[in-house]
Amino acid sequence: MDLVIIFTILFYLLSAAGYVGYLFLQKDYMQKCGFFFISAGFLLNCIIICIGYIKSGHIPAQNLRETLFLAGWAASGIFIILHHKFNIKILGVYAAPLIASVAIAASFIPGGTGEIKNISNNLWLVCHVIIILCGDALLAMACGTGILYLIQEHAIKTKKRGFFFRRLPSLELLDSAGYTCIVSGFTLITIGLVTGLIYAKLVWGKFWSWDPKEVWSVITWLLYAALLHERLAAGWRGRKAAIMAIIGFAAVLFTFFGVNFILGGHHEEFTKW
């Protein structure tokens, strides 16, 4: 298991190095190496999850270490899908280091040794965790396209069409990719919240308990709902949408990490150290 984790991290790091090299040197083989290594890392990440499932008999999301490996798996899988759909090669400069950081952080966190509770043995929980993490991964990529959009827009407005302008795709493509990520991510987050409510009813006897994670999940959901509403109703495009995508992902990060560390709640069961 440890060897699989080491090679997973190594592949993610090599992918990040490949994409950073591609950013500066613009050699296609570097981007191809970056994509190859992130794909290899994704496959090994699948093995980590499968081993965790076989060992415990439950979805491996019983502590923060396992949850982060699941998050890395979801992010790398979503990136691979987006690569085939939009072919925004330079997005790897954002995605690969992010995924490598998540995997490295997970490797330094000790795995839980406590008893696995019966509340983990539930299909609704599996659906809830997988769908939410895939939704979060899509929103992470929307944040990445938003950052690239703002950089490219700055290069165009200031007429400094140098380093970044030559390397980044058109504003239209970045805006389109970001919008697709947000729509898809919002849809998955919505489904994930519904499955979470059903799971809560089955386990705790009520759909809603004002748990801090529940409250912040709804706040995050409302942020993206507002963004989509303004895009459809008020024509928000480009800069405003990019900024909102970045703000929205900050809310996602706080909901994922901040709530558990600062506010607590029954989701601590799945993200404790």
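Modeller: Let's take the cysteines and then the cavities. This is a predicted model, where local features need pLDDT of at least 70, side-chain atom pairs count only at pLDDT 80 or more, and totals for chains, interfaces and linings use all residues. Residues are numbered from 1 along each chain as its sequence is written, and side-chain values use heavy atoms, with hydrogens and water left out.

Biologist: Why is C181 too far for a bond?

Modeller: A disulfide is a pair of cysteine sulfur atoms within 2.5 Å. The closest cysteine sulfur to that of C181 is in C143, 11 Å away, so this is too far for a bond. By this rule the count is zero disulfides. C134 is in no disulfide either, as the nearest cysteine sulfur, in C46, is 11 Å away.

Biologist: What makes C181 buried?

Modeller: Buried means under 20% relative accessible area (exposed is over 50%, partly exposed in between; 1.4 Å probe, protein chains only). C181 has 1%, so C181 is buried. C134, with 16%, is therefore buried too.

Biologist: How do you know which residues line the second largest cavity?

Modeller: On a 1 Å grid over the protein atoms alone, a cavity is a set of points where a 1.4 Å probe fits but cannot get out, and lining residues have an atom within 4 Å of a point. By that test, the lining of the second largest cavity includes F79, H83, T145 and C181. No charged residues (Asp, Glu, Lys and Arg) are in this lining.

Key:
On a 1 Å grid over the protein atoms alone, a cavity is a set of points where a 1.4 Å probe fits but cannot get out, and a pocket is an open set with protein on both sides within 12 Å along at least five of seven lines; lining residues have an atom within 4 Å of a point.
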